[in-house]
Amino acid sequence: MKKIILALAILSCAGSLRAQWYLGGAVGGSYTVTKDGDGNNLDDWRAISMLPEFGYHLNDRLAVGLSGGFSYSKNKIAFPQSALLNRSWNVTPYARYALVRYKKFDLIAKAAVSAGHCLQTLTGQSSYLDHYFTIPIEYDLYGAYVTPMLAYNLSGHLMLYTNLDFASLKYEYRKYEGGGKESAISFGADSNSAFNTGDINVGFIYKF
């Protein structure tokens, strides 16, 4: 009898631990075009990002996890003709806490630190119209940010969420190949930030 009780206790504990783990991810994207009075494109910006993640719920409100991903963006300017291509990857440990809960909705605060690498390629046309140039730019990047999230619980296992990047606070530090450093603090979605995940993003979490 004691063996049966012990086995049931172990199975119950294992089931409880398993319910704390989760897997998920998000896809983000943005597209912005600036036109002149005649309807011609002056500035064309587009971006996409993919961010898988996994984590563990410490309690019903607090979770810690690790995400990583890849982002791609391109900014084209009509005159002087130029384009900036940006490819980056990062690894991001984080913690998030459910601040407010209303029915199936959660308002969550997410705090994270991040490390990654970025490769940029600047192409363009010089003042001499017959001369074109290509400049590679490569750097390591580190940062920290706080971002609010809005989540909707479809069930006890599945949750959908979106990062509210327009209300995020970010710190970013860049160390360039060949020398040079810079840092910046920004508020809101910033197309110049390598940590930007896009103006529109949707993610999901599946709890085991």
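Colleague: Which strand gives the largest share of the lining of the second largest pocket?

Modeller: This is a predicted model, in which local features need pLDDT of at least 70 and side-chain atom pairs pLDDT 80 or more, while totals for chains, interfaces and linings use all residues. Residues are numbered from 1 along each chain as its sequence is written, and side-chain values use heavy atoms, without hydrogens or water. A pocket is an open set of points on a 1 Å grid over the protein atoms alone, where a 1.4 Å probe fits, with protein on both sides within 12 Å along at least five of seven lines; lining residues have an atom within 4 Å of a point. Strands are DSSP runs of E, at least two residues, numbered from the N terminus, and the largest share, three residues, comes from β4.

Colleague: Which residues of that lining lie nearest the pocket's centre?

Modeller: β4 (82-102), β5 (105-125) and β10 (200-207) each supply at least two lining residues. The lining has 14 residues, and nearest the centre lie His 57, Asp 60, Arg 101, Asp 106 and Lys 207.

Colleague: Is Asp 60 buried or exposed?

Modeller: Buried means under 20% relative accessible area, exposed over 50%, partly exposed in between (1.4 Å probe, protein chains only). Arg 101, at 36%, is partly exposed. Asp 60 has 57%, so Asp 60 counts as exposed.

Technical notes
Helix = DSSP H or I, 4+ residues; strand = E, 2+ residues; numbered from the N terminus.
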